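Hi there,

Here is the structure I promised to pass on to you.

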Amino acid sequence: MTGELSPIDKAKFVAAKRAVDYVEDGMRVGLGTGSTAAWMVRCLGEMVRDDGLKIRGVPTSTRTAALAREVGIEVISLDEARWLDLTIDGADEFDGDLNLIKGGGGALLQEKIVATASDQMIVIADVGKEVESLGAFPLPIEVIPFGWQTTKALVEEMLISMDVLGRSVTLRMNGDTPFVTDEGNHILDLHLNRIGNARQLSMVLNQVPGVVENGLFIDICDVVIVGYGDGRVETRDINEGTVETDRLDFVENENLFTDLD
Ligand SMILES: O=C(CO)[C@H](O)[C@H](O)COP(=O)(O)O
């Protein structure tokens with residue numbers, strides 16, 4: 001089965017596998033959304049089933065909640081957990097300051113709430129997610145359906161006022177209909193190419209009436225674990241200022257790929 005994994009899938013897996021080493025008995029763990037986070041959930045499920053790991057998971061989307069239950073993780077709400085020891089999630093981009101763009105999978109709102117309600121946030125990502133400056137990936141923002149076209153126009157005006165010119169804002173679609181988030185909202189994708197001041201943009205965006213949250217995660221991520229297709233994995237801790245590198249053997253983790261859907 002390992003042979004069927006693409007290099008990018010292997011990279012995602014090794015990052016996820018390394019991240020679960022941070023999870024200890026009794027932890028309340030925020031469970032991210034996306035394909036990389038799905039590997040992490042699978043790895044945690046194996047630890048629950050085979051090693052008797054006792055954790056409670058707070059998912060960041062309905063699809064992560066379904067996968068967590070499927071692999072045997074006890075799922076609780078954020079209100080039940082109140083606060084989390086650790087959140088592990090993916091990202092669409094991360095820069096040298098470990099600031100992120102998230103929301104490619106449409107779950108940015110719950111992801112940002114859960115990550116912020118955690119003692120530590122670990123991002124797991126293949127090396128292709130690393131950027132010099134954020135913005136090549138379209139920045140998702142979550143907006144309420146009421147008057148979304150007016151909200152879109154206000155966001156476009158705000159971008160012009162910030163001299164972010166010549167960029168487009170598009171409504172994310174799901175086939176022929178607008179994408180709808182778990183909260184029943186829509187996603188606008190801001191095609192900015194490059195974001196000069198992410199911190200300022202994040203603050204200004206959330207001032208626009210109708211905008212619920214944006215996909216810029218500023219000063220939230222503590223550690224990024226970067227996976228490579230050859231099995232290498234690099235752990236960068238922004239608080240400790242450390243970088244650790246090791247390599248993971250795919251063969252010994254063969255069984256994890258058997259349930260690859
Ligand atoms: O922010 C997210 C979902 O809203 C995901 O974590 C992000 O899109 C990365 O996903 P993947 O691991 O599939 O590349």
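Below are some notes on the ligand site and on the domains.

This is a predicted model, so please note that local features need pLDDT of at least 70 and side-chain atom pairs count only at pLDDT 80 or more, while totals for chains, interfaces and linings use all residues. Residues are numbered from 1 along each chain as its sequence is written, and side-chain values use heavy atoms, with hydrogens and water left out.

Let me start with the ligand. There are 18 residues around the ligand, and Thr33, Ser35, Thr36, Asp92 and Lys129 come nearest (a residue counts if one of its heavy atoms lies within 4 Å). By class, this shell has nine polar, six charged and three nonpolar residues (Asp, Glu, Lys and Arg count as charged; Ala, Val, Leu, Ile, Met, Phe, Trp, Tyr, Cys and Pro as nonpolar; the others, Gly among them, as polar). Helix H2 (35–51) and helix H5 (108–116) each supply at least two residues of the shell (helices are DSSP runs of H or I, at least four residues, numbered from the N terminus).

As for polar contacts (N or O pairs within 3.5 Å), a side-chain N or O atom of Thr36 is 2.7 Å from an oxygen atom of the ligand. A polar backbone atom of Ala107 is 2.9 Å from a ligand oxygen, and for a polar side-chain atom of Asp89 the distance to a ligand oxygen is 3.4 Å. The protein covers 91% of the 380 Å² of accessible area that the ligand has on its own (Shrake-Rupley method, 1.4 Å probe).

Now the domains: the assignment (automatic or from a database) gives domain 1 (2–129 + 219–257) and domain 2 (139–214). Their centres, taken over C-alpha atoms, are 27 Å apart. In contact (heavy atoms within 4.5 Å) are 13 residues of domain 1 and 16 residues of domain 2.

Best wishes

Key: Polar contact = N/O pair within 3.5 Å; in protein donor to acceptor, adjacent residues only side chain to side chain.
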